[in-house]
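This report examines a protein model and some of the side-chain arrangements within it. Please look over the sequence and the structure before reading on.

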Amino acid sequence: MLISTFNINGVKARLDALLAWLEAASPDIACLQEIKSQDEAFPRGPIEALGYHVETHGQKGFNGVALLSRTPPVEVLRGLPGDDQDDHSRYIEGVWQVGPRRLRVASIYLPNGNPVGTEKFSYKLAWMERLIRHAEALLATEDDLVLAGDYNVIPMPLDAANPQAWLGDALFQPESRAALRRLVNLGLADALRASTDAAKTYTFWDYQAGAWQKNAGIRIDHLLVSPEVQDRLVSVGIDKHVRGWEKPSDHVPVTIEIAA
DNA sequence: ATGCCTCACTAGGTGAGA
């Protein structure tokens with residue numbers, strides 16, 4: 001069972017790259033973020049032609065998340081619970097029946113939060129509090145749980161090529177990092193760090209200033225897994241080569257393999 | 001380095017991203 005997360009940065013602008021990656025990587029479940037598409041404009045046809053079921057939670061212009069899967073989910077939840085006033089499409093969750101077990105997978109596009117000191121940063125922190133409360137409820141279900149997505153948080157200095165360059169950024173604020181730690185400390189594992197403590201394991205390289213060419217990346221795309229999933233974790237991989245393709249997203253896919 | 005690119009929206013710049 002392969003589960004991937006990929007911030008696609010515009011699904012219509014990136015369709016060729018998405019299809020090529022799906023064909024090569026063949027994940028069982030793919031969590032997309034920043035589809036930048038309304039549901040009715042999502043290019044589901046060519047994705048379905050590759051054998052994927054499509055569930056979207058889009059909006060006009062920006063944000064938007066989706067779940068692609070080999071088999072249809074038995075349940076879908078759109079939107080992160082906890083604030084009826086929040087109209088950003090940043091969360092979609094599905095449940096799949098896998099033999100005797102229920103597997104719950106969320107595609108998360110956590111707010112960026114820049115600039116620090118504005119309502120955007122407080123929105124980020126409030127969103128993280130809602131995510132923590134929701135994750136508590138999900139862990140109580142005892143379903144197998146994978147919270148995958150673009151967290152827009154650099155967990156540790158190790159996760160940035162130039163950590164000092166991010167000190168003033170919302171992605172590396174002590175409050176952002178502490179909130180991510182509290183989420184993990186509910187009883188989840190950062191799948192990548194459960195498999196390696198290697199440096200230079202990045203998932204994002206800015207389009208600007210030759211960040212890719214200099215490997216000036218950061219690790220902000222994470223799969224947090226429940227203990228039952230961590231016990232069956234076979235491998236974790238970052239599809240770094242995708243960043244070198246024509247018209248790439250600024251993020252690359254991250255994939256976990258779970259034993260059946 | 002409060003913005004070096006890129007996308008969406010929509011036809012010229014603006015907003016958002018990280």
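How far apart do the end C-alpha atoms of residues 5-251 lie, and what percentage of the span is helix and what percentage is strand?

## The annotated domain

The model discussed here is predicted. The end C-alpha atoms of residues 5-251 are 10 Å apart, and the span consists of 24% helix and 24% strand. According to UniProt, in an unreviewed entry, these residues carry the feature "domain: Endonuclease/exonuclease/phosphatase".

## An aromatic cluster

A pair of aromatic rings is described by the distance of the centres and the angle of the planes. Searching the whole structure gives 3 aromatic pairs. One of them joins Y202 and W205 in an edge-to-face arrangement, with 6.5 Å from centre to centre and 80 degrees between the planes. Both of these residues, Y202 and W205, are buried.

W205 also pairs with W212: the ring centres are 4.9 Å apart and the planes stand at 85 degrees, so this pair is edge-to-face. An angle over 60 degrees is what counts as edge-to-face. Y202, W205 and W212 together make up one aromatic cluster. Is W205 buried or exposed? Its relative accessibility is 1%, so W205 counts as buried. W212, in contrast, has a relative accessibility of 23% and therefore counts as partly exposed.

## The surroundings of Y123 and R90

Y123 belongs to helix α3, which covers residues 119-141. With a relative accessible area of 21%, Y123 is partly exposed. Leaving aside neighbours within four places in sequence, Y123 is in contact with D86, H88, R90 and P111. The side chains of Y123 and H88 are joined by a polar contact of 3.5 Å.

H88 also takes part in a polar contact with R90, side chain to side chain, at 3.1 Å. R90 is located in the loop between β5 (75-78) and β6 (91-98). Which side chain of opposite charge is nearest to R90? It is D86, at 5.8 Å. R90 is buried yet has no salt bridge, because a salt bridge requires the nitrogen and the carboxyl oxygen to be within 4 Å. Beyond four places in sequence, the contacts of R90 include H57, N63, Y109, Y123 and W127.

## Salt bridges

How many salt bridges does the count come to? The count comes to 13 salt bridges. In one of them, the side chains of E55 and R78 meet at 2.6 Å, N to O. This pair links distant parts of the chain, since E55 is in strand β3 (residues 53-57) and R78 is in strand β5, 23 residues apart. E55 has 16% relative accessibility and so counts as buried, whereas R78 is partly exposed at 39%.

Another salt bridge brings together R104 and E93 at 2.7 Å, N to O. R104 lies in strand β7 (residues 101-109) and E93 in strand β6, so the pair ties together parts 11 residues apart in sequence. R104 counts as buried at 9% relative accessibility, and E93 is buried with a relative accessible area of 4%.

R219 and D159 also form a salt bridge, at 2.7 Å from N to O. R219 occupies the loop between α5 (191-195) and β10 (221-225), and D159 the loop between β8 (144-150) and α4 (174-184), so the pair ties together parts that are 60 residues apart in sequence. Both R219 and D159 are buried. Finally, salt bridges that share partners connect E75, E93, R102, R104 and D143 in one network.

Notes: Residues are numbered from 1 along each chain as its sequence is written. Chains are lettered from A and ligands numbered from 1 in the order in which they are written. This is a predicted model: local features need pLDDT of at least 70, side-chain atom pairs count only at pLDDT 80 or more; totals for chains, interfaces and linings use all residues. Side-chain values use heavy atoms; hydrogens and water are left out. UniProt positions are given in the numbering used here, feature names are shortened, and annotations may be inferred rather than shown by experiment. Helices (H or I, at least four residues) and strands (E, at least two) are DSSP runs, numbered from the N terminus. Rings of Phe, Tyr and Trp (its six-membered ring) pair if their centres lie within 6.5 Å; planes under 30 degrees apart count as stacked, over 60 as edge-to-face and the rest as tilted. Buried means under 20% relative accessible area, exposed over 50%, partly exposed in between (1.4 Å probe, protein chains only). Contact means heavy atoms within 4.5 Å. A polar contact is a pair of N or O atoms within 3.5 Å; within protein, one must be able to donate a hydrogen and the other to accept it, and residues adjacent in sequence count only if both atoms are side-chain atoms. Lys and Arg count as positive and Asp and Glu as negative; His and the chain ends are not counted.
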